[in-house]
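Reader: Hi! I'd like to go through this structure with you, starting with a strand and then moving on to the packing. Could you show it first?

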Amino acid sequence: MRVVIAVCLASVAFAQQPAPLHLTAAVQDKNFYLLSLIERDKSARRAIETDPVLAAIATAKGESLAKAAKSCALELLCYATATKWTDAEISSAGNALRGLYTENVAVKQMVDGPLRASGVLVRYHGKPGADLLAQGFEDAARGINNAIEVYGTGRAPRYPEIDSVSFDVKQDSYRRLVQTIAAVLEDDKTSMDLFFEPSLRFALALMDANHRDEAGRLEPLESGENAASVKRIPSVEWSRFPYSVIVVPGSGNDRPSWSLSPYGKLRVMLAAKRFREGKAPFILVSGGFVHPSQTPYCEAIEMKKSLMADFGIPEDAILVDPHARHTTTNIRNAV
């Protein structure tokens with residue numbers, strides 16, 4: 001058997017990085033940044049709230065949630081149908097947003113300013129602003145639908161072993177929980193003025209009920225786990241090193257009571273060796289609360305602990321990415 005221990009050496013073009021996101025509700029901001037931006041930009045929000053088409057959608061979605069809270073009882077599919085976005089609704093909302101981008105200065109400034117600068121929709125940066133806004137909303141709406149389907153009806157996600165619903169959706173106890181979520185949101189319906197808020201809040205409530213807040217844990221990193229390294233970055237003499245960073249991807253554990261897998265320990269050992277050889281001024285450990293499902297251990301944090309305790313690597317030489325759930329996101333988040 002041939003075993004490969006993955007430790008990557010990377011050079012990073014720091015000047016090309018997007019502007020940082022200012023997270024105030026990390027789970028929502030990371031999953032639905034465009035919607036968070038609309039909520040917080042007072043001028044753009046006002047334009048979107050008062051647009052006739054979007055206002056009509058807001059009313060319809062609010063009424064649909066209210067009706068579900070009163071009549072769906074323990075039928076999970078009923079709640080999902082009431083709160084998910086249809087293709088027609090997505091298209092109608094997208095066209096209205098395109099029109100607002102063209103007609104409203106505040107909406108245009110929001111899209112061309114903080115939305116583009118965030119880098120969240122970088123895959124669409126080649127599109128005109130109106131199309132970027134509409135595509136961003138479509139992605140958000142389909143993300144909301146996915147959360148509702150997985151955590152509201154029990155549909156298997158792409159990676160069911162680690163991302164599935166945390167309860168048995170066939171049990172009345174979970175059905176009553178979903179019923180109560182809908183009732184609580186219906187009681188607060190007057191606070192949901194934007195067209196996407198009823199569905200968004202239902203999806204986020206389902207995620208929270210299933211303890212799927214991993215994306216928001218340990219934020220803000222720059223003033224927490226990564227504070228020492230971030231402070232050190234400006235003083236690094238980069239010319240002394242052939243690479244910018246040693247990236248250590250996670251290696252999922254299958255033992256519920258073990259904080260770090262054997263593969264994870266070996267990767268940490270190799271990373272410490274490369275660091276002492278002077279390959280790079282930083283080690284970036286990447287891995288979230290992933291294996292096994294609902295583990296209390298964050299792999300990046302456990303690797304950081306091992307680097308410091310077992311190998312004497314100083315904290316200001318270690319960066320953590322505690323949010324990656326797959327190999328692809330190990331690399332994306334590291335960049």
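Author: Happy to. Keep in mind that this is a predicted model. Let's take strand β4, residues 318-321, where Ile318 and Val320 point one way and Leu319 and Asp321 the other.

Reader: Thanks! Are those four side chains of β4 buried or exposed?

Author: Ile318, Leu319, Val320 and Asp321 are all buried. As for the pattern, side chains in a regular strand alternate between the two faces of the sheet.

Reader: And how many bridges join β3 to β4?

Author: There are 4 bridges between β4 and strand β3, residues 283-286, and the two strands run parallel. One of the residues involved is Ser286, whose bridge partner in β4 is Asp321.

Reader: Nice. Let's switch to the packing. Which residues have the most contacts inside the largest nonpolar core?

Author: Those are Ile48, Leu54, Trp85, Phe137, Phe195, Phe196 and Phe202, in a core of 62 residues. Helix α8, residues 129-153, gives the largest share of this core, with 11 residues.

Reader: OK, back to Phe202. What is Phe202 in contact with, leaving aside neighbours within four places in sequence?

Author: Phe202 is in contact with Tyr79, Thr83, Ile148, Val178, Ile181, Ala182 and Leu185. There is also a second, separate core of 22 residues, which includes Leu221, Ala272, Val285 and Leu307.

Reader: Now the rings. How many aromatic pairs does the count come to?

Author: The count comes to 6 aromatic pairs. One of them is Trp85 with Phe137, an edge-to-face pair at 5.2 Å centre to centre with 85° between the planes. This pair links distant parts of the chain, 52 residues apart: Trp85 is in the loop between α5 and α6, and Phe137 is in helix α8.

Reader: Why does Trp85 count as buried?

Author: Trp85 counts as buried because its relative accessibility is 4%, and the cut-off for buried is under 20%. Phe137 is buried too, with a relative accessible area of 2%.

Reader: Which residues form one aromatic cluster?

Author: Trp85, Phe137, Phe195 and Phe196 form one cluster.

Reader: How about Trp238 and Phe282, what sort of pair do they form?

Author: Trp238 and Phe282 form a tilted pair, 6.1 Å centre to centre and 40° between the planes. Trp238 lies in the loop between α12 and β2, while Phe282 lies in the loop between α13 and β3, 44 residues apart. Trp238 counts as partly exposed at 29% relative accessibility, whereas Phe282 counts as buried at 2%.

Reader: What charged end sits over the ring of Phe282?

Author: That of Arg232, 4.6 Å from the ring centre. Likewise, the charged end of Arg217 sits over the ring of Phe289, 4.5 Å from its centre.

Reader: One last stop: where is Arg274?

Author: Arg274 is in helix α13, and it is partly exposed, with a relative accessible area of 26%. Leaving aside neighbours within four places in sequence, Arg274 is in contact with Ile246 and Lys279. The C-alpha atoms of Arg274 and Leu9 are separated by 9.1 Å, with the two residues 265 apart along the chain.

Notes. Residues numbered from 1 in each chain as written. Predicted model: local features only at pLDDT ≥ 70, side-chain atom pairs only at ≥ 80, totals over all residues. Heavy atoms only, no water. Buried < 20%, exposed > 50% of the residue type's maximum accessible area, 1.4 Å probe, protein only. Pairing = 2+ DSSP bridges. Core = buried A, V, L, I, M, F, W, Y, C linked by side-chain atoms within 4.5 Å. Contact = heavy atoms within 4.5 Å. Phe/Tyr/Trp six-rings, centres within 6.5 Å; stacked < 30°, edge-to-face > 60°. Lys NZ or Arg CZ within 6 Å of the ring centre and 35° of its normal.
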